[in-house]
Amino acid sequence: MIRTIFLTILNLCLLVNALPSMQNVKFDDKTFRLMNDESDNSSGNSGEYKIPVTQRHAKNEHKNDVQSKCGYESCPKIKPDMLNVHLVAHTHDDVGWLKTVDQYYYGSNGLIQKAGVQYILDSVVEALLQDPEKRFIYVESAFFTKWWREQDDKLKEKVKMLVSEGRLGFIGGAWSMNDEATAHYQSIIDQFTWGLRFLNDTFGECGRPKVGWQIDPFGHSREQASLFARMGFDGLFIGRLDYQDKLNRLTSKTAEMIWKSSANLDDTDLFTGVLYNNYGPPNGFCFDILCDDEPIIDDKYSPDYNVERRVTEFVNHIKTQSELYRTNNIILTMGGDFTYMDAHVYYKNLDKLIRYTNSRQKDGLNVNLFYSTPSCYLKSLHDSNITWPTKSDDFFPYASDPHAYWTGYFTSRPTLKRFERVGNHFLQICKQLSSTAKVKENHFEPHLNMLRRAMGVMQHHDAVTGTEKQHVASDYARLLNQAILACGANTKSALNQFTTGKDPQPNTGHQNHSTPDHWDFKFQSCLNLNISVCDVTENSNQFIVTVYNSLAHATYQYVRVPVGGLKYEVKDYRKIVVPSQLVPLPNTVKSLDGRFSNTNNELVFQANEVPALGYKSYYISRIMNDIDPDVRIVTRQKRKPQPVIIGNDFLNITFDVNGLLSEITIDGETSKLSQNFLYYKGAVGNNEVFDNRSSGAYIFRPDPKTKEKLITKEATIDVIRGDQVDEVHQVFNDWISQVVRVYKNEKFIEFEWLVGPIPVNDNIGKEIVSRFFTVMKSGGAFYTDSNGREMLKRQRNHRDTWKLSLKEQIAGNYYPVTTKIAIEDKTHRLAILTDRAQGGSSIFDGTVELMVHRRLLHDDAFGVGESLNETAYGKGLVARGKHFIIFGSKGTQYPTLEGRERLLQNQILVPNWMFFDEASNVSYDDWMNKYTNIHSSIGLALPQNIYLMTFEPWKDDSFLLRFEHILEANEDPELSNSTRFNLSDCFPGYVIELKQVTLSANQWIEDYQRLHFNSESSNFPNDEIQNNIMKVEDLSDSEIMLNPMEIKTFIMTMYQKV
């Protein structure tokens, strides 16, 4: 009976603190939104660079530097015989959501939301300087660097003092608090590296965060935890997890655990804690100017005096919370979205709360309140010397109530998700070319930093997720587009240096910035190739395509460019004519609104042996006297009497008489493989009760009264055959079409889908899915990637850590697909690789589906306040993208299917990038004889299973390098083996000096150490510290060894051999 009463109270408590308030949807579970009814030197040290620090402070000039303590040494002493309540003053500052990044920083557009980050930091610093007992934590480096650049030297020194004394602490420390479902691991690592570099350069060891703080992302990935561990973080605190999972963990005292975050890597256990109130204060105790809660009134002569009552209410809360956790320490998050714009108000009430609560200790109250930080709370848990439960799966999908599964944002704003992936691709190219250019121009660093910052912003959990207001999404796209164009100046200079052999000529207006007309070539990028638009190739009789390969091994990829003529000749630098094919564009592409082009065809050829970290150029000429295109077109209408087969020497696919894919044949074995589009009707409701939840930007909720609707049972098709590629152009209806391709030398099938404008004139929002059908007996199991890295098994209608009660059978089985989803049985396997983040599932055995586009007419009441109704050119938004299919029998082939998937995954992530130049003033002979048209920046290519994921300028003429083993253990008998290579072979003629650092490059590997927490199944004492478990290699000979899934990071300096 006591347990029943307790669980009833607990359920009510959880409904208040963990679930949305259906009475006032403004305050919903979008993390307690508290609406209670440029300088290019981002280091902040005037261009002074420091190498990564060990256990030392930055060179602060304030007087107390010698005596100051930071980190765990600065933590307040706890009382072992009392309940210690760690009050954490914090603010959660979205790097864009309802307002743009700048609007949030400056506080403009206040009619949307009262929020101004500059005032928060001004006010907090002032409050901290007035009282040495107060503490505050800050998270988002994007905002802090902007504020830092505006401060004078005197205030900067005071802030450094606060950091060195542990009074102002940095938690997380990345450029933004990234999403964990739709963000790719490469971009996550990049944005952490950039934010943590600023903190390291500015504050030294005292600025190094020790705790991850992912309090607002909508679910949590296992890979994110693994990355935190490899970056040297001691622990992680999260705010959001499934409401059933949270209830179960609180009642069983398992809300704090050891997360076993990798099936492949050592030293990736990460202590993880679930915050009781998401990240808000106890109900009724928000003292911010944005809140309406009752302040502490301690004038005994006032009729509103309330100290005794308010303290009692507070003590009751903390006692309830403490019953659900294992130690005599609990954490209370005293803050929320954009709180502390007037820090004095919040702190004054917290001071009173601390004073009057602690004053009851003399009367026997066993409670001790004090200002603290997440790091200090973590240290107190470590010092409690108890054992902890473990977890090895992830926290997806996240549901905040029985009908609110946050699985829609896996797909929301698909074009922005794709543009973010393009940004990552070009960032890696800009880094590489800025590193390898013979002369580093002065503009390289500011341009590169601009793209680093933009990509850091894009990882925010309301950016790449597609959960921001429309004007904010437009601003994100603007920021990224400007940054890509800026970094184009770097790539232009570097490629001209390699091609022409010339050095930059200074512009009189910009020292060491090459003049626009100095270079022989423009090396333009065509960012509209996804809709077959490129002015250079369409309108030039002669043009040059420079194919840049950012991978560290040679590539063999196909080039597609739109052209205006009917016959072309492609030559490489050796006078060899490269076979090519002219392919007609689908009519649905030619008629796209906003596609201002009359081009009807694309030129296709294979760029063979494009060198590692280098380029290969092709000279393309239009043949004016031959109008017979080398392409055969067969047009087939509906219901033709016989199937159509396209393919190559490796595989063939069959389309039935209805124009739909039906079979695949590989090595003489034919298997069923079909595909079609369908849509779910978005649920519509008033959001006032759980049953009336609408589908929206966050939530995927199909109309419970209807089933998914098949788009069509037949498609109109055109068939194109040629020497380079076979294609079937399918038209399913007026707003869905697709091209299915099989290139002649590839072992995968490419599906290029075109969806939109999604019609809503019937007042029904629609969520569009591409579904693949096989006869595999998959047993309810399927596999999805974790941020592009390790694969996780998913079981339909199941969770590993609690008994699932599922009212949303479709949305509750959707998972994030950052790069890949797969099903298999004992004999066969199907994998689908994506070009952007999407939501996916296997709703029925033998099927895989991916949601490609969404258009909804109602808000889901989780804060954004807009329906997800994207438009362009006066109509619904059109999205175009690709799926890559690998199918086959499981056996002894080499590489294995999983091995081939891993290799293809990198080609999709960072395919060859094409630069273009008009060549009417350069004959082929001059081009061939005067210029270097093939180049590699490394002497020896790396093995295919090794990805050079980072090669960028770092500090003091050094470079940051990261190498990744891209396979998991046991995925392939050869490619999954440990791999050794010698970096000196890559840079012959140079003396290489390497020093290994942590994944985030802010700590030498020999100084790497993390707190060890004892699991219930282990026998190590808690006072043992994990010290340097990541082995320090003997790098005197520049050899590097990588095990499956391992990433190693190095600072490299190079000296030319004499």
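How do the residues of the lining of the second largest cavity divide into nonpolar, polar and charged? They divide into 4 nonpolar, 6 polar and 4 charged, where Ala, Val, Leu, Ile, Met, Phe, Trp, Tyr, Cys and Pro count as nonpolar, Asp, Glu, Lys and Arg as charged, and the others, Gly among them, as polar. The structure is a predicted model, in which local features need pLDDT of at least 70 and side-chain atom pairs count only at pLDDT 80 or more, while totals for chains, interfaces and linings use all residues. Residues are numbered from 1 along each chain as its sequence is written, and side-chain values use heavy atoms, with hydrogens and water left out.

Rolling a probe the size of a water molecule over the atoms shows where empty space is left. On a 1 Å grid over the protein atoms alone, a cavity is a set of points where a 1.4 Å probe fits but cannot get out, whereas a pocket is an open set with protein on both sides within 12 Å along at least five of seven lines; lining residues have an atom within 4 Å of a point. Grid points are joined across faces, edges and corners, and a volume is the space filled by probe spheres set on the points. The second largest cavity has a volume of about 100 Å³. Its lining comprises 14 residues, with Asp190, Gln191, Trp194, Leu427 and Arg452 nearest the centre. At least two lining residues are supplied by each of α6 (185-203), α12 (414-436) and α13 (444-458), helices being DSSP runs of H or I with at least four residues and strands runs of E with at least two, numbered from the N terminus. The largest share of this lining, 5 residues, comes from α6.

Helix α12 has 23 residues and reaches 34 Å from its first C-alpha to its last, close to the 33 Å expected at 1.5 Å a residue; the expected span is 1.5 Å times one less than the number of residues. Of the 23 residues of α12, 21 are buried, so this helix is largely enclosed by the rest of the structure. Buried here means under 20% relative accessible area, exposed over 50%, and partly exposed in between (1.4 Å probe, protein chains only). Helix α3 (residues 117-130) has 14 residues and a reach of 20 Å between its first and last C-alpha, close to the expected 20 Å. Its buried residues are Val117, Gln118, Ile120, Leu121, Ser123, Val124, Val125, Ala127 and Leu128.

The largest cavity has a volume of about 190 Å³. It is lined by 20 residues, and those nearest its centre are Gly71, Gly169, Phe170, Cys206 and Ser375. Both β3 (168-170) and α11 (374-383) supply at least two residues of this lining, and β3 gives the most, with 3 residues. The lining of the largest cavity consists of 9 nonpolar, 7 polar and 4 charged residues.

About 530 Å³ of space lies in the second largest pocket. Among the 20 residues that line this pocket, Asn745, Glu746, Leu903, Gln907 and Gln944 are the closest to its centre. Strand β17 and helix α17 (897-909) each supply at least two lining residues, with α17 giving the most, 4 residues. The lining of the second largest pocket divides into 10 nonpolar, 7 polar and 3 charged residues.

Strand β17 also belongs to an open sheet of 3 strands, in the order β17-β21-β20, with antiparallel pairing; two strands pair if DSSP finds at least two bridges between them. The edge strands of this sheet, β17 (555-563) and β20 (580-584), each pair on one side only. Between β17 and strand β21 (residues 601-610) there are 8 bridges in the antiparallel sense, and the partner of valine 561 in β21 is leucine 603.

A further open sheet contains 6 strands in the order β29-β28-β34-β41-β40-β37, again with antiparallel pairing. Because β29 (709-710) and β37 (815-817) stand at the edges with a single partner strand each, one side of each is left without a neighbour in the sheet. Strand β28 (residues 674-681) pairs with β29 in the antiparallel sense over 2 bridges, and leucine 678 stands opposite leucine 710 in β29.

Strand β45 (residues 913-918) has 5 of its 6 residues buried and is therefore largely enclosed by the rest of the structure. Strand β15 (residues 524-525) runs antiparallel to β45 and is joined to it by 2 bridges, while strand β16 (residues 542-549) pairs with β45 in the antiparallel sense over 6 bridges. Phenylalanine 916 of β45 is the bridge partner of glutamine 524 and also of valine 545.
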